[in-house]
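Visitor: I am new to protein models. Could you show me how to read one, feature by feature?

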Amino acid sequence: MEDSEWRMEAATPLEGAPFLIGTDEEGDHVARWSDPESSPDDALLDDVRPDLDLHELLPEERVAVGARWKADAAPLGMLFQPGGDLGWDWADGAQYLPEDTAYDNSGELELRLAEVVSVEGVDLARIELTGEFVSVETSATTLDEVPVADGTATDVRTTTYGIEGELLWNLALGVPHSLTIEAEGEGDQVTTRDPDQPGQDYESTMVHESSFEVRLSCLPLRD
């Protein structure tokens with residue numbers, strides 16, 4: 001088996017153009033520029049996901065320090081497939097995954113309310129989290145680069161991550177203050193020739209290892 005290292009880089013026009021996410025008076029999730037006069041085209045925010053509130057990770061009822069609970073890991077998909085469409089410009093014309101990629105996220109987290117701390121007069125609940133996050137990415141491809149087969153095919157890339165992290169939650173405002181996640185994953189990518197095509201069947205499997213790190217900070221603002 002041959003090992004190879006693969007790295008890709010991308011930039012987004014949203015870099016250096018802060019925007020706000022939250023809810024409007026009707027309770028709908030919205031995104032808007034922090035400084036509309038010096039920001040890029042408004043259309044860049046059309047496909048940004050503004051629902052990064054992380055409430056799905058909290059227990060249904062109030063809990064005491066030391067309490068543990070479980071939560072669905074699927075909402076972390078908005079971090080592993082970050083933010084919706086951020087207008088990525090891939091270096092050298094490459095792209096990590098096709099735009100029509102379908103995502104199926106699953107897994108389970110265990111969370112623990114470790115303590116309540118005060119930072120600059122703000123009470124924050126410090127929540128430790130561990131668990132597993134599974135990402136399945138499905139996309140259409142072709143076998144143009146395969147010498148022994150041709151036609152169209154489907155890629156299914158499955159990665160299972162072990163998760164460790166910490167969530168700080170602003171108790172007064174009911175919003176996240178920060179989130180830190182470190183994840184180590186492994187999995188495979190199975191390429192299968194689509195059925196009902198003339199010629200021989202084809203399937204290949206590549207295994208991979210992945211590292212993922214998230215640093216999320218929130219700054220609640222009042223108009």
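Guide: We will go through the sheet, the core, the ring pairs and a few loop residues.

Guide: This is a predicted model, so to speak of a local feature we need pLDDT of at least 70, side-chain atom pairs count only at pLDDT 80 or more, and totals for chains, interfaces and linings use all residues. Residues are numbered from 1 along each chain as its sequence is written, and side-chain values use heavy atoms, with hydrogens and water left out.

Visitor: How do I read a sheet, and in what order do the strands come here?

Guide: Strands of a sheet pair through backbone hydrogen bonds, either parallel or antiparallel. Strands (E, at least two residues) and helices (H or I, at least four) are DSSP runs, numbered from the N terminus. Two strands pair if DSSP finds at least two bridges between them. In this model, six strands make an open sheet, ordered β4-β6-β7-β8-β9-β10, with antiparallel pairing. The edges are β4 and β10; each has a single partner strand, so one side of each is left without a neighbour in the sheet.

Visitor: How many bridges join β9 to β10?

Guide: There are 15 bridges between these antiparallel strands. As one example, V190 stands opposite T205 in β10.

Visitor: Next, the core. Which residues touch the most other members of the largest one?

Guide: In soluble globular proteins, nonpolar side chains tend to be buried together. A nonpolar core is a set of buried Ala, Val, Leu, Ile, Met, Phe, Trp, Tyr and Cys residues joined through side-chain atoms within 4.5 Å. Buried means under 20% relative accessible area, exposed over 50%, and partly exposed in between (1.4 Å probe, protein chains only). The largest core here has 25 residues, and L76, L111, I163 and L179 touch the most other members. Elements that each supply at least two residues of this core include α1 (77-80), β6 (102-119) and β8 (152-170). Apart from this core lies another, of five residues, among them L14, A17, W33 and L45.

Visitor: How many aromatic pairs are there?

Guide: Rings of Phe, Tyr and Trp (its six-membered ring) pair if their centres lie within 6.5 Å; planes under 30 degrees apart count as stacked, over 60 as edge-to-face and the rest as tilted. A search of the whole structure finds two such pairs. The ring centres of F133 and Y161 are 6.3 Å apart and their planes are at 35°, so this pair is tilted. F133 lies in strand β7 and Y161 in strand β8, so the pair ties together parts that are 28 residues apart in sequence. Y161 also forms an edge-to-face pair with F212, at 6.4 Å centre to centre and 65° between the planes.

Visitor: Are Y161 and F212 buried or partly exposed?

Guide: Y161 is buried, with a relative accessible area of 9%, while F212 is partly exposed, at 22%.

Visitor: And the loops? Where is Q200 found?

Guide: Q200 is in the loop between β9 and β10, and is exposed, with a relative accessible area of 52%. Contact means heavy atoms within 4.5 Å. Leaving aside neighbours within four places in sequence, Q200 is in contact with V148 and R193. D196 is found in the loop between β9 and β10, and has a positive phi of about 60° although D196 is not a glycine.
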